[in-house]
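Please keep the sequence and the model in view while reading.

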Amino acid sequence: YQEIAVWPIRPGFEREDGSRETPVSALVASFPEPTAAVPHLLSHNSAISLVQALGHIFQNLCAKSKWACCKLPRDYMTISAQMFTQWMWQPAALRTFARHYQTNEPIPEELCARLAAARAPGSALKELRQVFRGLYDIDIHTNGNFDVRSHYNEVAARVALVNNGDADVGKAATLAHLMEGYSGLYASFMLAAMASSDMFESRFATDIASPRAGADFRAEVLQPGGSRDPATSIERFLGRQPTSQAFLTMYQDNFEDEEFVGNIDVVADSYANVAGIEEGEYDDDELLQQQQQQAQAGVQAIPEQVRRFLGHLYRNLLSSNVSDLSYNYENQFVRLSEKYYAKASWPDPMFVAALVGDDGIFLTLYRELYYRHIYSRLHPSLETRFRSFENYCDLFNYILNSDGPLELELPNQWLWDIVDEFIYQFQSFCTHRSRLNKRTAEEVELLKANPQVWNTYSVLNVLYSLIQKSNINQQLLASQQGDDVVEAAGQFGSRALYKMLGYFSIIGLVRVHCMLGDYTLALQTLENIDLNNNRGLFTRVTACHVTVYYYVGFAYLMLGRYADATQAFVHILTFVARTKHYHQRAAQFDAVNKKAEQMYALLAIAVSLCPTRVDELIHASLREKYGDQQHKMQRGGDEALEVLSELYLFACPKFIMPNPPSYDEPEAVPVEPQEYQLKIFQREAKLQLIVPTLRSFLKLYTTMSLDQLATVLDVEADELRNQLMVYKQRYRQVKWTGNADLLAGEVVPTTDLDFALQQDMIFIAESRVGRRYADWFIRNTNKMQDLINTMESRQKNLLASAGKAEEAPVEAKA
């Protein structure tokens, strides 16, 4: 046998007793025999053929359907086989098994690169040959009578660019596939090639051994087999409809030195920094040559896996493939950052430009990621801060100043991170700028000469412009009132890009106003966002969800509305605790956890200043984390104030000064906004600390004389009278009632203890709130009932199986 083929001998299926019939397939192949000097050796082409056959084998062995007749339609027969061959062009895959037969050394990377480079030459002619055969196959099975030989030669010349003249070509009658099952379906080879290329590039390009992608491929493509429409299987694996983009560009991923030279001219013209070169020091040709060499070396230094990622990200951006962009951004970018750039910056944008044809919007988005990575892993210089601001200006000007809505589409997580990072870098710059005593003279002059960079007005202008452009407030108001949201959205707001950027800018404004110390305006900004809506847009991104409640709770805390602050923190901490295991692998997991720790500290402050019953799960965590601090705060005194200050500084936002410092006095000690806000909080907390102290003593009695309590507290009677009046006033607070206006509410008592003072006697009344045991019993009763139902169902199934086993011999005898 001179070919290689696979025959399914026995299909897998589900037996009547529920067990599975094991599938069996046979792979038959012919490879070169060994000689006295050389053992069995496979060429690269032979290895590809073997792996392609193994693709058919695994399709048969991994299929898991109920019936034995669920074969794949002929159109999709070769998808798995062609998918497997994709690994044979990956150096990382080849080096796992391709070894020298004498030294056992793995195949050199240089040889892998040469193999990959050899894939492209002639590839167009090869694919044209497949197109020609597919067209010829369709013609002979659908058209009327014609001369086979002349038609074969005509189609070959027109499509495959092969001119046979009038020669009698034997292939016209010997293409076996056209007569052995592929009648009219030879074009399915091209369909399979396009689908397999798309699947590989979308899920395996940046990690060829991805466990997640491999498990999805088995579960969504191999296991269903022909039991469902293969087109549905492919769509589920990709998360979208397949495209031909990856197939059309797969031969362009092998970047040779010669290929880069063609693009370096653009890079050198656009990004070369020649500011430090004096006129006449170099001539133009020499300078251009140096720039080209520098750019070429920079491109070659980019790891292959990173190049593939950038190419894949670029293609998905062009095709508006939001699903794959989300995977690129949230998973692959994070993994590659850990692998290659844990302590270094990503490749310079001037080198990346050569890989993407100097595409402006892609490079702007890439630079946003580039600078963000520097902020998170390294120490940004003043120049980097300036350049990052300029890049954000370019990005937002592109979005806001276009004549019509852009076709650009980005995942919600990326859009949120753009707004969130923009505000973070603004806050970081304000802090950096305020400490002039730590800046060099050159840096001070640079700051003085560029007051527009990270200007507070500019940042607020961007956020308000995004809100206005998207009509997001009008959309939210129309949704609440039941009006036409589409009409309210307008031309720009109807696009997801503008709508989500506008929405996230509202959340960003809340953060900025809190950083500036305007807590009332922060809560007013959310007037059109319903926090009671569990399907609100803020819930689509976990980090956004947490951020909203963090700043709402903190604003309430600073306004003295401790009951509302407690409610906000408990709500979001309960959400984080119950969904924690779902987000452990998410890139935002660490940031959400850090913010949760801060909210626990703020909750400890709120509960200590205004004792309130909280959810048992949160109460247990709070007692474990800050139990000692709570006891100290409840005792009052200087120690309580010290603990409050410590927790506050740990958990509060990074406040900023909206105006730049005086550059004429660089040695002056800067005003720390953190200390300023702390003093405001301490002044309010000193008065509020009276409440838990008095409450702890009043709970012990129903009546008590003023002098007796003054003696216990070691204070004068007149001072105690004043403290009781303060307690009386403080325990009644405005509490949010759940409507859209977060500042509105009802004045209600926030503690379960009240008293009346008649001359020198204190009359105390405590209203105890009973625990809700009914809910606990109902919930656990339902769980027990579900358990009983499950056990009864399993018992019935076992009895039914046993009955069939007993009846089987009787039927055989009959």
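In which helix is the place of Phe-429? Phe-429 belongs to helix H19, which covers residues 412–434; helices (H or I, at least four residues) and strands (E, at least two) are DSSP runs, numbered from the N terminus. The model is a predicted one, in which local features need pLDDT of at least 70 and side-chain atom pairs count only at pLDDT 80 or more, whereas totals for chains, interfaces and linings use all residues. Residues are numbered from 1 along each chain as its sequence is written, and side-chain values use heavy atoms, with hydrogens and water left out.

Phe-429 has a relative accessible area of 1% and is buried. Here buried means under 20% relative accessible area, exposed means over 50%, and partly exposed lies in between, with a 1.4 Å probe and protein chains only. Leaving aside residues up to four places away in sequence, Phe-429 touches Leu-382, Arg-385, Phe-386, Leu-447, Val-453 and Trp-454, where contact means heavy atoms within 4.5 Å. Between Phe-429 and Trp-454 there are 25 residues of separation in sequence, and their C-alpha atoms are 7.0 Å apart in space.

Trp-454 itself is situated in the loop that joins helix H20 (441–449) to helix H21 (456–470). Its relative accessible area is 0%, and Trp-454 is therefore buried. Although Trp-454 is not a glycine, it has a positive phi of about 55 degrees. Gln-759 is another residue other than glycine with a positive phi, near 55 degrees. Gln-759 occupies the loop between strand S8 (753–758) and strand S9 (761–766). With a relative accessible area of 69%, Gln-759 is exposed.

The protein as a whole provides the setting for these details. It contains 35 helices and nine strands. Of its 814 residues, 43% count as buried. Among contacts with a separation of 6 or more, 69% are between residues 24 or more positions apart.

Several helices may now be taken in turn. Helix H17 (residues 360–377) has 18 residues and reaches 26 Å from its first C-alpha to its last, close to the 26 Å expected at 1.5 Å a residue; the expected span of a helix is 1.5 Å times one less than its number of residues. Because 15 of its 18 residues are buried, H17 is largely enclosed by the rest of the structure. At the start of H17, a side-chain oxygen of Asp-359 comes within 3.4 Å of the backbone nitrogen of Ile-361.

How do H22 and H24 lie relative to each other? The axes of helix H22 (residues 472–481) and helix H24 (residues 496–516) come within 9 Å and cross at roughly 90 degrees. Axes are lines fitted to C-alpha atoms, for helices over the stretch in contact, and angles run from 0 to 180 degrees between N-to-C directions. H22 and H24 are therefore roughly perpendicular to each other, a term for angles of 65 to 115 degrees. On the H22 side, Ile-472, Asn-473, Gln-475 and Leu-476 meet Lys-499, Gly-502, Tyr-503 and Ile-506 of H24. The residues of this contact comprise four nonpolar, three polar and one charged; Ala, Val, Leu, Ile, Met, Phe, Trp, Tyr, Cys and Pro count as nonpolar, Asp, Glu, Lys and Arg as charged, and the others, Gly among them, as polar.

H24 has 21 residues, which should span 30 Å at 1.5 Å a residue, and its end C-alpha atoms are 30 Å apart, in agreement. Since 18 of these 21 residues are buried, H24 is largely enclosed by the rest of the structure. Just after H24, Gly-517 takes a positive phi of about 90 degrees. Helix H26 (residues 542–558) should span 24 Å, and its end C-alpha atoms are 25 Å apart, which agrees. H26 is mostly covered, with 17 of its 17 residues buried. Gly-560 follows H26 and has a positive phi, near 80 degrees.

Leu-609 is found in helix H28, and at 0% relative accessibility it counts as buried. Cys-610 is placed in the loop between helix H28 (589–609) and helix H29 (616–635), and is buried, with a relative accessible area of 2%. Not counting residues up to four places away in sequence, Cys-610 touches Tyr-562, Gln-733 and Thr-750. Cys-610 and Thr-750 are 140 residues apart in sequence, yet 7.2 Å apart in space, C-alpha to C-alpha.

Notes: Angles under 35 degrees count as roughly parallel, over 145 as roughly antiparallel, 65 to 115 as roughly perpendicular and the rest as oblique. A polar contact is a pair of N or O atoms within 3.5 Å; within protein, one must be able to donate a hydrogen and the other to accept it, and residues adjacent in sequence count only if both atoms are side-chain atoms.
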